[in-house]
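Hello,

Here is the structure I promised to pass on to you. Please open it first, and then read my notes below.

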Amino acid sequence: MGEYKPITNDVSVDVESGTVTKIDEPKKSIRPAQHRLVSLDVFRGITVALMILVDDAGAFIPAINHSPWNGVNLADFVMPFFLFIVGVALALAYKRVPDKSDASKKAVLRALKLFALGLFLQGGYFHGVHNLSYGVDLSSIRVMGVLQRIAIAYLLVAICEIWLRNDGDDPPVDSGCGLLRKYRYQLLVGLILTVIYTILLYGVRVSDWKYEIQDGTSSPQYYYVKCGVRGNTGPGCNAVALIDRKILGLQHLYRKPVYKRTEECSTRSPQNGPLPVDAPSWCQAPFDPEGLLSSVMAIVTCLIGLQFGHVIVYFKDHRSRIMLWLIPSCFLLALAFCLDFFGIQMNKPLYTLSYTCVTAGAAGILFAGIFVLVDVYGLRKPTIAFEWMGKHALMIYIFIGCNLLPVLIQGIYWKKPENNLLKLIGI
């Protein structure tokens with residue numbers, strides 16, 4: 001992540017941020033370019049700050065926490081914003097691709113590194129702030145996660161950007177229609193993925209299924225979930241969870257799903273609470289919010305960000321850029337509310353089409369606003385902290401978002417591991 005690769009004899013581009021550097025011919029020395037898309041760093045930093053806010057305060061303020069099921073709250077915008085940013089950065093990173101095979105190999109390697117890091121952090125090796133054990137049971141390791149989803153989206157979209165482009169075949173891009181024409185095959189991929197997702201979500205029949213809960217103190221408890229339906233988008237009988245159960249296995253899914261805070265599963269909804277007496281049987285079942293089928297639409301979000309990045313590459317006029325961002329963003333928002341009105345509800349765990357549209361549209365408008373303030377008017381001082389956070393987003397996510405810093409602090413204690421610095425400060 002963040003390494004430089006050559007794209008011409010005298011120019012190189014940072015893969016993660018899209019920063020351009022020029023190489024002087026006589027000395028072959030590298031010096032930073034004068035123009036950097038600071039707004040992308042600021043947007044990434046704001047997203048990181050938002051992630052920290054909802055993680056720490058979401059348990060006390062339900063309005064900013066993840067929605068228990070249908071609907072969107074503030075926390076539900078974090079993941080799509082990251083995916084959108086990855087798409088924008090990829091458009092800048094692969095502005096020139098002299099060797100497509102070599103670029104593809106590097107993209108695969110970076111994606112594998114990111115996936116492996118996510119598996120290490122979210123697979124169960126670090127068990128939590130209040131659990132002093134460590135290590136991971138491979139029979140129950142969580143396979144998917146935030147970084148794993150970003151790795152999958154990064155890889156697929158990078159391959160699209162490397163191979164599905166019409167360099168030299170089409171006339172120069174001088175309008176929005178020209179941009180659509182040049183990258184029509186990428187748009188076709190996004191459409192195909194959306195159709196596949198929709199067919200599977202509404203077309204796959206979900207049969208009855210069961211799961212067990214083992215607390216270690218008594219014999220396992222078995223729960224049976226009665227389904228036998230097709231096209232259901234509720235927590236217990238949807239195709240998204242079915243595919244994860246069949247391919248990944250129940251033991252490899254996330255064990256604290258958001259639907260535990262629904263009215264059916266919590267007496268303190270929308271917060272966590274005891275199970276109601278008449279709680280449905282699926283309330284304690286594992287469910288992965290970063291599962292396989294829902295990641296298909298995550299790729300679509302990244303593809304949308306890629307098209308926004310193309311606007312930066314081909315249009316140098318600020319007014320043109322802003323208009324080409326705001327028009328599709330408003331269209332996506334309007335489409336999202338129309339879909340929601342007609343029954344395709346906004347749902348983050350399922351990553352529905354309406355959710356994809358509303359989060360991508362919001363990302364586009366926010367990015368355009370940040371671009372105007374930071375890159376057009378040069379208001380960098382008020383956003384300097386966000387800019388720094390954006391440049392070190394992965395490090396911050398690892399140490400704070402994944403609780404790695406508190407876990408490391410636990411290693412300093414007095415006589416007993418329980419008497420550590422975290423206990424001293426009341427965490």
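In this predicted model, the axes of α8 and α9 come within 9 Å of each other and cross at roughly 160°. Because angles over 145 degrees count as roughly antiparallel, α8 is roughly antiparallel to α9. Their crossing is right-handed. On the α8 side, the contact is made by Ile304, Phe308, Val311 and Ile312; on the α9 side, these meet Arg321, Leu324, Trp325, Pro328, Ser329 and Leu332. Sorted by type, the residues of this contact are 8 nonpolar, 1 polar and 1 charged.

Most peptide bonds are trans, and most residues other than glycine have a negative phi. Serine 269 and proline 270, however, are joined by a cis peptide bond, with omega about 10°. You will find proline 270 in the loop that runs between α7 (239–247) and α8 (292–314). The other spot is tyrosine 351, not a glycine, yet with a positive phi of about 55°. Tyrosine 351 sits in the loop between α9 (318–341) and α10 (353–376). Is this tyrosine buried or exposed? Tyrosine 351 counts as buried, because its relative accessibility is 0%.

Finally, a word on confidence. The protein has an average pLDDT of 87, and 88% of the residues score at least 70. Over residues 1–13, though, the pLDDT is below 50, and this stretch has 45 contacts beyond near neighbours in sequence. Residues 20–34 also stay under 50, with 25 contacts beyond four places in sequence.

Best wishes

Terms used:
Residues numbered from 1 in each chain as written. Predicted model: local features only at pLDDT ≥ 70, side-chain atom pairs only at ≥ 80, totals over all residues. Heavy atoms only, no water. pLDDT = per-residue confidence, 0-100. Contact = heavy atoms within 4.5 Å. Helix = DSSP H or I, 4+ residues; strand = E, 2+ residues; numbered from the N terminus. Buried < 20%, exposed > 50% of the residue type's maximum accessible area, 1.4 Å probe, protein only. Axes fitted to C-alpha atoms, helices over the stretch in contact; angles between N-to-C directions. Parallel < 35°, antiparallel > 145°, perpendicular 65-115°, else oblique. Left-handed = near helix turned anticlockwise from the far one by under 90°. Nonpolar A, V, L, I, M, F, W, Y, C, P; charged D, E, K, R; others polar.
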